[in-house]
Amino acid sequence: MPDRFHHPSASLRAGYGTEITENSYSKRLRALRVSVVNNFRLVLALLLLVSATACNQRQPPAPGYHEYAYITNGKSGSVSVLDLTQLETNPSRLYAKTITVGAGPTGVAANPRRNEIYVASADSNNVSIIDAERNEQVAVIGVHRAPYYVSVSPDGTRAYVANSGSANMSVIDLGKRAVIATIRVGGAPGLAKVSPDGKLVVVSNRADNTVSIVDAEKLAVRSTVPVCKQPQDMAVLPDNSKVFVACPGSNQVAAVDLKSDRLLTYLDVGELPVYLTLKPDGGELFVSNFNSNNFSIIETTTNEVGGSYLIGDQPTHGVVTSDNALLYMSNFASDAVSVYAIDEGRVIGAVQVGRHPDALALTADEAHLLVLDSASGDVAVIRTVKTRQNSKISADRALVNLVPVGSQPNDIVVKAFKSGGR
């Protein structure tokens with residue numbers, strides 16, 4: 001994994017076998033049965049073929065439609081661009097371009113309102129702006145020391161960057177392409193996370209064991225809340241009511257009330273919780289416990305741990321489908337991605353990928369999952385399956401391509417838009 005922070009399972013197999021023994025009937029009757037079985041098999045095969053064709057056949061992209069994946073390459077000082085509109089027609093030619101950015105690029109984010117991509121380069125202390133329509137770097141904005149991630153406001157007007165080496169946060173006006181404020185926060189801030197309504201920014205201060213809650217309108221720290229040890233990743237609920245903070249130093253997750261700015265509780269999870277994955281509906285939070293090979297489920301309404309479940313070797317990142325049905329989780333040490341059916345409460349499959357899979361992203365239609373293989377320098381493309389009975393055809397989830405990118409791919413974002421619009 002990237003050494004910016006301290007940061008699964010053997011393949012699942014299902015076997016089905018049926019043994020049929022015929023009784024001793026006349027040859028004619030036996031031949032008739034064989035004929036019926038063969039005809040049935042032929043019809044079944046044709047039905048499956050038609051069904052698969054119908055499921056996999058998609059309309060060609062509309063004129064002017066673009067969909068790209070942007071991958072930061074930490075040791076290459078670059079961003080790789082993949083053209084995802086080629087997935088159905090020419091999946092072997094996804095690679096589109098390499099864009100040179102600052103040194104040690106880590107986090108990448110997309111603007112929800114304009115066709116721009118933002119890249120934090122930790123070693124050169126700047127943020128690059130990429131024009132997604134031209135796929136060119138169009139601006140470089142200097143910030144303070146060791147920025148790792150970029151968080152963009154919901155209205156697309158601002159970006160917030162925690163500067164880990166400077167104990168402050170830079171606020172960037174994306175229209176002016178300039179830093180408009182530098183706000184003092186706690187020690188070694190790792191991540192600045194803007195709330196869904198854009199009114200607050202929460203900063204995890206790893207050296208101080210606190211989070212800073214920043215008023216985005218006043219551009220000032222509203223309060224500082226003590227949490228657990230070495231706070232790192234965070235998840236703000238869709239209703240802006242609470243933030244959950246992962247603390248690898250104490251194997252806990254802290255829940256903080258964003259209305260009263262107070263700590264609600266500590267939740268004990270597995271060893272070294274490194275990443276939080278929130279369901280789109282906000283009801284459950286999945287905690288990747290890197291050192292205990294499991295993930296914990298937190299009920300966000302009651303602030304309780306519903307349980308911890310084995311998933312794979314050193315789970316890192318997760319992503320949940322928009323229908324709240326499936327959790328995909330990368331397993332760093334077993335070079336695989338596991339699929340967990342949320343409603344069924346069980347792992348339903350695993351797909352082998354490249355070496356040390358880390359960050360994940362779904363395509364816009366969720367028909368494919370993109371997995372960054374941090375040690376092998378490629379992106380694994382996995383075909384996904386979306387059905388009401390998710391486990392029924394889990395075997396159809398499969399690796400379809402490995403796309404070489406740069407050295408040590410760190411982060412990924414997908415941007416879909418029409419030319420001249422969002």
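Select strand β9, residues 158-163: this strand is mostly covered, with 5 of its 6 residues buried. The model on display is a predicted one.

**Around β9**

β8 and β9 pair in the antiparallel sense over 2 bridges, and the bridge partner of Val 152 in β9 is Ala 159. The two strands form a hairpin with 5 residues between them. Select Gly 156 in its turn to find a positive phi of about 75°.

Next, select strand β10, residues 168-173. This strand runs antiparallel to β9, and 6 bridges join the two. Tyr 160 has Val 171 in β10 as its bridge partner. β9 and β10 also form a hairpin, with 4 residues between the strands. Here Ala 167 takes a positive phi near 55°.

**An open sheet**

Move to the strands β4, β5, β6 and β7. These 4 strands form an open sheet in the order β4-β5-β6-β7, with antiparallel pairing. At its edges are β4 (105-110) and β7 (136-142), each of which pairs on one side only. From one strand to the next, the twist averages 25°.

Within this sheet, select β6, residues 126-131, together with β7. The two pair in the antiparallel sense over 6 bridges. Ile 130 stands opposite Gln 137 in β7.

**The nonpolar cores**

Select Val 211, Met 234, Val 243, Val 245 and Leu 258. Of the 20 residues in the largest nonpolar core, these touch the most other members. At least two residues of this core come from each of β13 (200-205), β14 (210-215), β16 (234-236), β17 (242-247) and β18 (252-257). β17 supplies the largest share, 3 residues. In soluble globular proteins, nonpolar side chains tend to be buried together.

Now centre the view on Leu 258. Not counting residues up to four places away in sequence, Leu 258 touches Leu 200, Val 202, Ile 213, Arg 222, Val 236, Asn 240, Ser 241, Lys 242 and Val 243.

Finally, select Gly 64, in the loop between α1 (27-56) and β1 (65-73). Gly 64 is partly exposed because its relative accessible area is 33%, which lies between the limits of 20% for buried and 50% for exposed. The C-alpha atoms of Gly 64 and Phe 417 are separated by 8.2 Å, although the two residues are 353 residues apart along the chain.

Notes:
Residues numbered from 1 in each chain as written. Predicted model: local features only at pLDDT ≥ 70, side-chain atom pairs only at ≥ 80, totals over all residues. Heavy atoms only, no water. Buried < 20%, exposed > 50% of the residue type's maximum accessible area, 1.4 Å probe, protein only. Core = buried A, V, L, I, M, F, W, Y, C linked by side-chain atoms within 4.5 Å. Contact = heavy atoms within 4.5 Å. Pairing = 2+ DSSP bridges. Axes fitted to C-alpha atoms, helices over the stretch in contact; angles between N-to-C directions.
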